[in-house]
Amino acid sequence: MAAKTDWNPLLRAEFEKPYWGELQRFVAEERAHHQVFPPPEDVFAALHQTPFAEVEVLILGQDPYHGPGQAHGLCFSVRPGVPVPPSLRNIFIELEADLGVTAPNHGCLDAWTRQGVLLLNTSLTVRAHQAASHQRRGWETFTDEVIKAVDAKPERVVFILWGAAARKKKALIDTSRHVIIESAHPSPLSAHNGFFGSRPFSRTNEALVAAGRDPIDWTIPPR
């Protein structure tokens, strides 16, 4: 993680812990023998694109996408020109139902990151075509520290937790200061079990405005 980011002082102690060295050796070994996503320069993209000081919302994913060309370090997002994955398509359906925001012609969510939306996965790498292949190797220890750092912010942050894996992180969040918006995961397997109709985007803005913070413009400009 580049030193220029304001996350570095908050997370630097992690880089000295035994698990971090073991994790980096594991990822290097994986890259030597397998295709691993995202590419090395994108692993910490979420932290580089949304400075700690600017975080207003944290959306928590699980694994990076494991198909070629999909993952670029922001949960649920793909670069312009990459077909929109099913979970993201459902997010766009809910966004339109909630706020009337028309789905964009691409799946890149960096317009959100520039407004203080941290798009964090709990695991930051994955082997190609093998979901969950880099889980329980140390990434979750690191990303729990990211969540704890955001929780320590004095101003209100909205945590959006979709699906069982994300909802397990509620224990790290002080709900007396922050707001949790949770539902089923937007994947086609579970979206109809409570994700559709959950209105996460308008509810997030209501919580931010109630705390005197700026709402998010969830519109994604076309590319």
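Trainee: On what basis are residues numbered and values computed here?

Mentor: Residues are numbered from 1 along each chain as its sequence is written, and side-chain values use heavy atoms, with hydrogens and water left out. As this is a predicted model, local features need pLDDT of at least 70 and side-chain atom pairs count only at pLDDT 80 or more, while totals for chains, interfaces and linings use all residues.

Trainee: At roughly what angle do the axes of H2 and H6 cross?

Mentor: Helices (H or I, at least four residues) and strands (E, at least two) are DSSP runs, numbered from the N terminus. Axes are lines fitted to C-alpha atoms, for helices over the stretch in contact, and angles run from 0 to 180 degrees between N-to-C directions. The axes of H2 (residues 18-33) and H6 (residues 139-151) come within 9 Å, and their crossing angle is roughly 125°.

Trainee: Which class of orientation does H2 have to H6?

Mentor: Angles under 35 degrees count as roughly parallel, over 145 as roughly antiparallel, 65 to 115 as roughly perpendicular and the rest as oblique. The axes cross at roughly 125°, which makes the orientation of H2 to H6 oblique.

Trainee: How are H4 and H8 placed, and how many charged residues does their contact hold?

Mentor: The axes of H4 and H8 come within 7 Å and cross at roughly 60°; these helices are therefore oblique to each other. Ile-91, Glu-94, Leu-95, Asp-98 and Leu-99 of H4 meet Pro-200, Phe-201 and Ser-202 of H8. The residues of this contact comprise 5 nonpolar and 1 polar, and the number charged is 2.

Trainee: Which strands and helices do the buried residues of H8 pack against?

Mentor: Buried means under 20% relative accessible area, exposed over 50%, and partly exposed in between (1.4 Å probe, protein chains only). In H8 (residues 200-210), the buried residues are Pro-200, Phe-201, Ser-202, Thr-204, Asn-205, Ala-207 and Leu-208. Their packing partners are helices H4 (86-99) and H5 (110-113) and strands E2 (57-61), E5 (158-162) and E6 (179-183).

Trainee: How many disulfides are counted?

Mentor: A disulfide is a pair of cysteine sulfur atoms within 2.5 Å. The sulfur of Cys-75 has its closest cysteine sulfur in Cys-108, at 12 Å, which is too far for a bond. Cys-75 is buried at 1% relative accessible area, and Cys-108 is buried at 3%. The disulfide count is 0.

Trainee: Is His-129 buried or exposed?

Mentor: His-129 lies in the loop between strand E4 (126-127) and H6, and has a positive phi of about 65° although it is not a glycine. Its relative accessible area is 55%, so His-129 is classed as exposed.

Trainee: Is Phe-76 buried or exposed?

Mentor: Phe-76 belongs to the loop between E2 and H4, and its phi, near 70°, is a positive value in a residue other than glycine. Its relative accessible area is 9%, so Phe-76 is classed as buried.

Trainee: Which residues does Pro-104 touch, not counting residues up to four places away in sequence?

Mentor: Pro-104 is in the loop between H4 and H5, and is buried, with a relative accessible area of 16%. Pro-104 and Thr-219 are 115 residues apart in sequence, yet their C-alpha atoms are 8.3 Å apart in space. Not counting residues up to four places away in sequence, Pro-104 touches Phe-92 and Ile-220.

Notes
Contact means heavy atoms within 4.5 Å. Ala, Val, Leu, Ile, Met, Phe, Trp, Tyr, Cys and Pro count as nonpolar, Asp, Glu, Lys and Arg as charged, and the others, Gly among them, as polar.
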